[in-house]
Amino acid sequence: MSASEQQPWYAAYPKAVSEAVFLPRSTVLEWFSSEDKLPGKHFVLVDLRRNDHEGGTIKTSINLPAQSIHPSIPTLYTLFSSAGISAVVFYCGSSQGRGSRAASWMQDYINEKGDQNMKSFALEGGIKGWVKAGGKLLEMVDEYEEEVWKKFA
């Protein structure tokens, strides 16, 4: 099979049943400034970028490349539920492919477990939308590199 005929990485995994729920950037920003929602305690951000992981990442995010996410979901669920995490927010460049797919797979697993306390989301607009919005959102980007983002302007 030639490189052009190869299946995409996600074709090896089942199609998600759940439809991704997109969480507005403004909601995540509110969570960061709330005393009731602490990153790593109440919510976790998961940056799914691998080869395109450049220009910075949203503060407190963990980087788990999308290509490894599906087999990791049971372990992630166990870790997150043990920690009391109520929201898992996945993102990639735009959250239209990897972010929404991972959010759907995670929600499928949460549903299978009958867990009513945890929800999975895709970040609206992904990291590109976050950076483009600027202002306070831009202040929440660790290792921000302006030159990288100019190519997306």
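**Close-up 1. Lysine 37 meets the ring of tryptophan 31**. Here the charged end of lysine 37 sits over the ring of tryptophan 31, 4.5 Å from the ring's centre. Keep in mind that this is a predicted model.

**Close-up 2. Tyrosine 13 pairs up with tryptophan 105**. The count of aromatic pairs here comes to six. In the one shown, the ring centres of tyrosine 13 and tryptophan 105 are 5.7 Å apart and the planes make an angle of 75°, so this pair counts as edge-to-face. It's a link between distant parts of the chain: tyrosine 13 comes from the segment before β1 (22-23), while tryptophan 105 is in helix α3 (residues 98-112), 92 residues apart. Tyrosine 13 is partly exposed, at 25% relative accessible area, whereas tryptophan 105 is buried, at 5%.

**Close-up 3. Tyrosine 77 and tyrosine 109, edge-to-face**. These two rings form an aromatic pair, with 5.4 Å from centre to centre and 65° between the planes. Tyrosine 77 is in helix α2 (residues 69-83) and tyrosine 109 in helix α3, so the pair ties together parts of the chain 32 residues apart in sequence.

Terms used:
Residues numbered from 1 in each chain as written. Predicted model: local features only at pLDDT ≥ 70, side-chain atom pairs only at ≥ 80, totals over all residues. Heavy atoms only, no water. Phe/Tyr/Trp six-rings, centres within 6.5 Å; stacked < 30°, edge-to-face > 60°. Helix = DSSP H or I, 4+ residues; strand = E, 2+ residues; numbered from the N terminus. Buried < 20%, exposed > 50% of the residue type's maximum accessible area, 1.4 Å probe, protein only. Lys NZ or Arg CZ within 6 Å of the ring centre and 35° of its normal.
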